[in-house]
Amino acid sequence: MLRYADYDIVFQEIPDEVTLAINVSNCPNRCKGCHSPHLMEDIGEPLTEKSLSVLLDKYGKDITCVCFMGGDALPSEVQQLAKFLRCQSIAPVKVGWYSGKSALPVHFNTDYFQYIKLGPYVEALGGLRSPTTNQRLYHVVNGKLQDITSRFTRRGG
């Protein structure tokens, strides 16, 4: 079962979106220099359709995107929750996933996502804002991943 440790409304994780970033725990990646090492533990509340509905009811029209920050231990559950979010008629939102893996899991369906970030954090290369980063943020358009990482590193982006 996915669990989340906390969440926040953020403006810089997904370009041009007001994002509810949900920090998923039990991260299996163990990246050296991780900025949230507490998320390596299996902590927090269950992340379910019900808990997502509560958050959507709370923030509704104030957000334009929900982004799962992690969830690599159970990507099929991330996929299922993304499907749930995309099927909401009350407050449809865009859906993103920040994965610390280098590639999507085999048979992973991107149909319910608009944004996917891939790549482990490599301290020497930096995060998405670093011009040397190995991480990539993709905009999912018609099932194809379009690299938009440059939106983080160009001036004014």
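Author: Happy to. Glycine 71 sits in the loop that connects strand β4 (65–69) with helix α2 (75–86); helices here are DSSP runs of H or I with at least four residues, strands are runs of E with at least two, and both are numbered from the N terminus. Please keep in mind that this is a predicted model, in which local features need pLDDT of at least 70, side-chain atom pairs count only at pLDDT 80 or more, and totals for chains, interfaces and linings use all residues. Residues are numbered from 1 along each chain as its sequence is written, and side-chain values use heavy atoms, with hydrogens and water left out.

Is glycine 71 buried or exposed? Glycine 71 is buried, because its relative accessible area is 5%; buried means under 20%, exposed over 50%, and partly exposed in between, with a 1.4 Å probe and protein chains only. Setting aside neighbours within four places in sequence, glycine 71 is in contact with Leu2, Val24, Val78 and Trp97, where contact means heavy atoms within 4.5 Å. Tryptophan 97 is 26 residues away along the chain, and the C-alpha atoms of glycine 71 and tryptophan 97 are 8.4 Å apart.

Now for the sheet. Eight strands form an open sheet with mixed pairing, in the order β3-β1-β2-β4-β5-β6-β7-β8; two strands pair if DSSP finds at least two bridges between them. At the edges are β3 (45–46) and β8 (144–147), each pairing on one side only. Helix α1 (residues 49–59) packs on this sheet and touches β1 (3–10), β2 (19–24), β3 and β4, with its direction at about 20° to that of β1. Axes are lines fitted to C-alpha atoms, for helices over the stretch in contact, and angles run from 0 to 180 degrees between N-to-C directions.

Glu49, Leu52, Ser53 and Leu56 in α1 meet Gln80, Leu81, Phe84 and Leu85 in α2. This contact has five nonpolar, two polar and one charged residues; Ala, Val, Leu, Ile, Met, Phe, Trp, Tyr, Cys and Pro count as nonpolar, Asp, Glu, Lys and Arg as charged, and the others, Gly among them, as polar.

Further along the sheet, β6 (residues 115–118) and β7 (residues 136–141) run antiparallel and are joined by four bridges, with leucine 118 opposite arginine 136 in β7. Threonine 110, in the loop between β5 and β6, is another buried residue, at 11% relative accessibility. Leaving out residues up to four places away in sequence, threonine 110 touches Leu104, Ile116, Val140 and Gly143.

In the loop between β1 and β2, aspartate 16 has a positive phi of about 65° although it is not a glycine, and aspartate 16 counts as exposed at 66% relative accessibility. Asparagine 26, in the loop between β2 and β3, has a positive phi near 70° and is partly exposed, with a relative accessible area of 32%.
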